[in-house]
Amino acid sequence: MKNYILLAIIAVLLSCSSCNDLLDKEPLDKISSGIFWMSKTDFEMALTANYGMLQENDIFGARYANWDVLTDNGYGQHNSFNSKDIVSGNINPTTGGYISDLYNYSYKAIARANIFLTELKNYEGNDLSENEKKAAEAEVTFLRAFHYFNLYLHYGDVPLVLEPLSLENQVQAKVDAAQIYDQVIKDLDFAIANLNAVPYFENSGHATKSTARAFKARVLINEAYGDTGVPNTTILAEVKQLCLQVMGEYSLSPNFEDVFQDKGQQGNTEIIFSVNFLAPDDLPSRGVDLIYGDWISVSPLQNLVDAFECADGLPWGTSPLTNTDDPFENRDPRLAKTIFVDYPDWGNGNIHSPTNSRPTGYGLMKFLEPDNTPYGYSTLSQQNTVILRLGEVLLMYAEAQNEIEGPDATVYQAINDIRARVNMPALTEGLNKDEMREKIRHERRIEMAFEGLRFFDLKRWHIAGEVLNSVTDGILTYHWEDKFYHWPLPQEEIDKSQGVLIQNSDY
């Protein structure tokens, strides 16, 4: 069982490089930085604390699916991370929510990583072999790349900090976004060269070479569309090669739902990276089952429900299998595995009646655990949040290869393997590149629904305005402007910088 008190102490140590103890006396109930970083065990605990940052504030933890309420996929009735303001176009330096939380969280995580890397470099103990030091360095460097990529994606020009800060240099100016991107690639390349070569599912929750490769593919496929949405096939060729390397190490989970439910995640050969939780230490008020199954924090929209095909592979409403009296009948099985109507029903009387309203009539089924009903504050919800999986890698491969060569047999194979997993028919033969592009984008929306990627997909394809300003079933009125491709820096950070940190020009 995780010791959160100890990790909290370690987190404090990772937030400052030195502490002065009153009268040189060591507090009996706290760990001083003067006696930490003294052994292999200290570094192991600090490494765990770096991974623990992924749970903080739920941005990439239990509320990861909330990213989809910024899109045409869902509605967030509880306004988590000020999603309503963002959807409505009320985006400015004081909006808060995602605008400030992601920025502050990322730099807190980066600071923790930088302290770890500095202490590791300076460590002279003989209980850590050079191979162990290099592996630990690679893991934390991968995590730093993860955080910097999110800053790059959302804000563009931001400060680049690669060492622990002091009072003298704590205020940092922005650098060009290209420098942030270059650092992300540099860190990922170092991670790929030095991480453990076994698959993630054999490495006890630690990032591996394939984790870094899959994430680099995600970074590059976003970069490939630049500022115009026109794909750069040179960059996509690297995406393709990275995907091929990863595809050789993983296999699709036989059951779609096993990827997301606790009982199916242990040793799952599809999962490439995840944010891991363990009951009872995960606070019940932040548990996935409570958040989505009872609070209905994410409400799928009707247009997403309608986007799921019928079981024959034809669109709902066009297919002869369409049943307007029971819209979930004869549908792509992923519909019922992703979305519930009114309340989650696992069959044989195993249901849960949510205490919160269902503003769209739908709730999120994908991440719920059937054995945890009834969902409440006492529910021990320990489903891991999957950040990278083979399903996404197959879709990235198909997208890259289609743009490079067109819809060859390998593109069909990648998509059809995903569809075959849920007994959906193969794609129609003879599609051209444009037709296959639309099929891939549709498949990505369905397969990856509420996995936190739709918002970024709309942005990288440069169709965010076209799609979001056309939403008519979103409860709110959607408003997108092109300047929203980058968010403003939080005003509080501008104010604290005393003129050093300059706001993004559009704000």
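This is a predicted model: local features need pLDDT of at least 70, side-chain atom pairs count only at pLDDT 80 or more; totals for chains, interfaces and linings use all residues.
Glutamine 498 is exposed, because its relative accessibility of 73% is over the 50% cut-off. This residue lies in the segment after helix 18. Isoleucine 475 sits in the loop between helix 17 (464–468) and helix 18 (491–496).

One peptide bond deserves a look too. The bond from threonine 373 to proline 374 is cis, with omega near -5°. Proline 374 belongs to the loop between strand 5 (362–364) and strand 6 (385–389). Most residues other than glycine have a negative phi, and most peptide bonds are trans.

## Nonpolar core

The largest nonpolar core holds 153 residues. Trp67, Phe116, Phe142, Val239, Phe273, Tyr292 and Trp487 touch the most other members. Valine 239 is in contact with Ala217, Leu220, Ile221, Met396 and Ala400, leaving aside residues up to four places away in sequence.

## Aromatic rings

The structure has 35 aromatic pairs. In one of them, tryptophan 67 and phenylalanine 456 have ring centres 5.3 Å apart. Their planes meet at 50°, so the pair counts as tilted. The pair links distant parts of the chain, 389 residues apart. Tryptophan 67 is in the loop between helix 2 and strand 1, while phenylalanine 456 is in helix 16 (residues 454–460). Both residues are buried.

Tryptophan 487 has a charged neighbour. Lysine 459 lies over the face of this tryptophan, at 5.9 Å from the ring centre.

## A buried asparagine

Where is asparagine 66 found? It is in the loop between helix 2 (40–52) and strand 1 (74–75). Asparagine 66 counts as buried because its relative accessible area is 2%, under the 20% cut-off.

Its side chain makes a polar contact with the side chain of tyrosine 98, at 3.1 Å. Tyr98 is also among the residues that asparagine 66 touches, not counting residues up to four places away in sequence.

## Cysteines

How many disulfides does the structure hold? The count is zero. Cysteine 243 is buried, because its relative accessibility is 1%. Cysteine 310 is buried as well, with a relative accessibility of 0%.

Note on methods: Residues are numbered from 1 along each chain as its sequence is written. Side-chain values use heavy atoms; hydrogens and water are left out. A nonpolar core is a set of buried Ala, Val, Leu, Ile, Met, Phe, Trp, Tyr and Cys residues joined through side-chain atoms within 4.5 Å. Buried means under 20% relative accessible area, exposed over 50%, partly exposed in between (1.4 Å probe, protein chains only). Contact means heavy atoms within 4.5 Å. Helices (H or I, at least four residues) and strands (E, at least two) are DSSP runs, numbered from the N terminus. A polar contact is a pair of N or O atoms within 3.5 Å; within protein, one must be able to donate a hydrogen and the other to accept it, and residues adjacent in sequence count only if both atoms are side-chain atoms. A disulfide is a pair of cysteine sulfur atoms within 2.5 Å. Rings of Phe, Tyr and Trp (its six-membered ring) pair if their centres lie within 6.5 Å; planes under 30 degrees apart count as stacked, over 60 as edge-to-face and the rest as tilted. A charge sits over a ring if NZ of Lys or CZ of Arg is within 6 Å of the ring centre and within 35 degrees of the ring normal.
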